[in-house]
Every structure is written in structure tokens, then in C-alpha cells.
Amino acid sequence: METKMMYETIFARSFSRYEQKKLGYGAFAGCLIIGFTIFTVFKPYLGPLPVLNLRLSIEGFKMLMVEETAVVQPLEMGRRERESCVCNILDGRSEFCEISNGDVRVHGNSSTTFIVSSAPMEVLAENSSWSIRPYARKGDASVMKRVKKFTVKLISDRDHRLPHCTQNHSVPAVLFSVGGYAGNHFHAFSDVLIPLFLTSRQFNGEVQFLVTQKELWWIEKFRKLLRGLSRYPIIDIDREEGIHCFSGAIVGLKSHKELQIDPSLSPYSMKDFRQFLRSSYSLKRTTAIKITGVGKPRLLIIARKKSRSFTNEGEIAKMARSLGYEVIVSEPNGTEIARFAQLVNSCDVLMGVHGAGLTNMVFLPENAVLIQVVPLGGLEWMARNDFGEPAMDMKLRYIEYKIKEEESSLIEEYPHEHPVLRDPYSISKMGWHEIRSVYLDKQNVKLDLNRSRDTLLQAIQLLQ
């Protein structure tokens, strides 16, 4: 229940100053008495309120809408806590509802999650449902439109519309989508896998995954990781006609930053996630080589067939070998993630042009070096946000190589004074579509061998 108190003080001109003062003292004393009375009566039902949170308590049921930084405290009921639901709909990256100690019924065909409450029907009549798109890229409106929406709805146990369970589960559920951009390797990790780890790791495998917009190839590609988080077969919830019932569920995924976990907001960190990856794919190396005169550092150059490829790949590899590197040039295979994870883990330096292939840095051993080659186009902010900051959060060394105009294939496409070359900011003002079309989809890179030589030497120094 939300209580709104309004105070309005009116002093008529006919009151004397003395009478006005008496009236003020009386009103103040009255407020104290009323406040003390409310606090005394409702104290058993009150708990500490996090800043900027909205809390709704309904006969032992609590519904909260919280921001990312909010700390949620349980209600002191004077008895065993009943159902609870925390709905985060204010965060910029994701939205989710977390229900525990309750009666949760999921109907896939109607994309509805029912939370059964003992509260009277008339109490639940208003503000009793929320819409959740269970994909962790809330800030991107264009992609979120393509994510299937689920309704989280409070319903009274006395409501005749309450659906009956057709299948009961002994473990809680996590419901999420593999739609959106999940087909892209970067987004698969940043939007789904890391948020899924963050959301479900607490259950130690005793959790049922409910997947909406399921793609079989995606499930097969990341089968080892999904099995590492849940011991139960995945349910394609969109195809389910019956009612699946749980004692708890999380609809949507928790998410912090691109390829990162904020340990101040979670009991987990990226170190935990990377340990989970090593365990899942049997990756042997935990730390990169320490160069002491024995052994060669291994350099993996990420190849690309389409845009943002190295046009002098062979020359780069030859130069790197002359510096003492063992060089591997390879392009990630879309489905054979286990094999490529093993390859990346065996290397000490990973170098590539900004793109999804750099996501494989998650498999590098600690203290390894990531060299991100940033194309022309004012993309430094994107490069640092997508891979630079995450690399440092993963305990990797990070080097950013910003190409010069003469290293870009765009000089062959546009005259020297064209805004694409002279004023990338003017292109960026046209929107993301133009940025992507010009600087990401139509640009290749020919590294200056002298400049890149210095960068590879810097990486060797970081490994010493």
C-alpha cells in the first residue's frame, strides 16, 4: 500500500502573530503524535528501504521495483517470510523479476508468468502485472522490439482464472531469450552467457532453464556452458501448452556492463566466470608465459574474411616471427567453440581488428596481452567500452593500436578531403547505421609494419 500525506498550512490574516505561533506549535505536536502512532502500529511490517525504491507489501507478499544499485532487504514479518518478488525495471541494461518462496506458474503459449498470492483479489486489481523482455540489452530499442515479451502477473489464489499446474518442478526456473543479437559471438557472451552465469550460478546447477526464441544451433554451440549451469534439459517454453509450476523463478537476466561483472553488485566476478570457462572447456593454462629467455610467446592473429580484415596478414606474421613470436593466424569457427577456446588459451598475445572475434579473449590466461586494432572512424569509445575495459577487468594487459589514415582501405574509396576521412564526427551524427555501413562494413586494414613492430615489442615487454 502506498500512503501519501499532504500538509497544507493556512494562516488567515485575521490571526494574530501569537495565535499563528500557537497554531504552528499545535500542528507540529500533532504530527509527532500521528507519526509515532503509525510507526508503532506498523513497525512489525517495516524493513529498511533502499534509496529510490518503490515497495509494495500485500499481506506477506512484497513487490519491489529497484534500480541496479539498490540493496533489497527482507521484510520483518514476525513469522516465516512468504512470497517475495523483486522486479528490476529501472536498470539501463536489463530488466528482470525474481520470485522466491512462492507459487510461480509459467504458461509458455501465452508468454505469461503467474505469481500466486494469498492477497484478496480486490487488492491485486491494480498494478498487478509487468512486462519483461528477457534479454540483456535494454538500451537498444531496435533489437528489444524483436525480443519476445513476457507478462509477470500477480493473481490471487481465489481467482477462478488461476491456471492449474500440469507439471511441477522441484527446482527454480530462469527464463531468458536467445533472440536479439545472440547470433553474434560478442553479443552471445555480453547479452546472454555472462548475464546467465550472473543470474543462475547461485543455484549450483539446481535450476531449470526456460528458453524463449530458442535456436537449436545456438543451444548446441554453447551446450557445455549451459550444462555447466543447469543439470536439467532445457525447455523450449514457447512450445509448451501446459502450465509449469515452480517455487521460485527469475524472468529475465541480470547484467552489469559489456563483458563484465561488477563484484560490488554480485558475489561473482569475471574471475569466477573465466574459471567456469576453463572448467567447462578443460583449459589448462591459468597464466601467460613469463619471458625469462626460455620459450617463445605465442601470438594469435585473428583473421577475418569479410570487413576489417588485415590485407597484409602474411607480412605481419613474418615480422612477428622475426621478433621471437610463435605465430598462429586463425579465424574463429562459428560452431567449434571448444577447439578455438583451446587455441586461444594456449596463446600469450591476441591481436585483431575491432570485432566479435576479440570476444575470444575470455579464454586467454591471466596476464596475457590483448592488442586491439581500432579502425578509422572515431571508434575509440566503442573499442574501449567493448574490449578495452573488459580486458583489464579480466586481468589481461591491454594495448590499443589506433590506425592512421594511410593504413585504412577507405583512402582507396574516398578523396583525401572527404568527410569520411577528414571529419568522422559528421558521419557519426547521421546515426549508427551510417557508422556501421562506412567504418565497420566497408573498411579493411593494412598495418604499417614499423608501427606494429613497436606494438608487438611492447607486448613482449609486458610479458617479462
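This is a predicted model: local features need pLDDT of at least 70, side-chain atom pairs count only at pLDDT 80 or more; totals for chains, interfaces and linings use all residues.
User: What percentage of the residues count as buried?
Analyst: A residue counts as buried when its relative accessible area is under 20%. The protein has 464 residues. The share of them that count as buried is 50%.

User: Is T359 buried or exposed?
Analyst: T359 sits in the loop between strand 17 (349–353) and strand 18 (369–374). Residues that T359 touches, leaving out those up to four places away in sequence, are H185, F186, F189, L259 and F387. Its relative accessibility is 0%, and the cut-off for buried is under 20%, so T359 is buried.

User: Which strands stand at the edges of the open sheet?
Analyst: The sheet has five strands with parallel pairing, in the order 16-15-17-18-19.

User: Which residue is the bridge partner of V349 in strand 18?
Analyst: Strand 17 and strand 18 are paired in the parallel sense, over five bridges. In strand 18, V349 has as its bridge partner V369.

User: At what angle does helix 13 run to strand 19?
Analyst: Helix 13 covers residues 449–462. This helix lies across strand 15, strand 17, strand 18 and strand 19. Its angle to strand 19 is about 175°.

Technical notes:
Residues are numbered from 1 along each chain as its sequence is written. Side-chain values use heavy atoms; hydrogens and water are left out. Helices (H or I, at least four residues) and strands (E, at least two) are DSSP runs, numbered from the N terminus. Buried means under 20% relative accessible area, exposed over 50%, partly exposed in between (1.4 Å probe, protein chains only). Contact means heavy atoms within 4.5 Å. Two strands pair if DSSP finds at least two bridges between them. Axes are lines fitted to C-alpha atoms, for helices over the stretch in contact, and angles run from 0 to 180 degrees between N-to-C directions.
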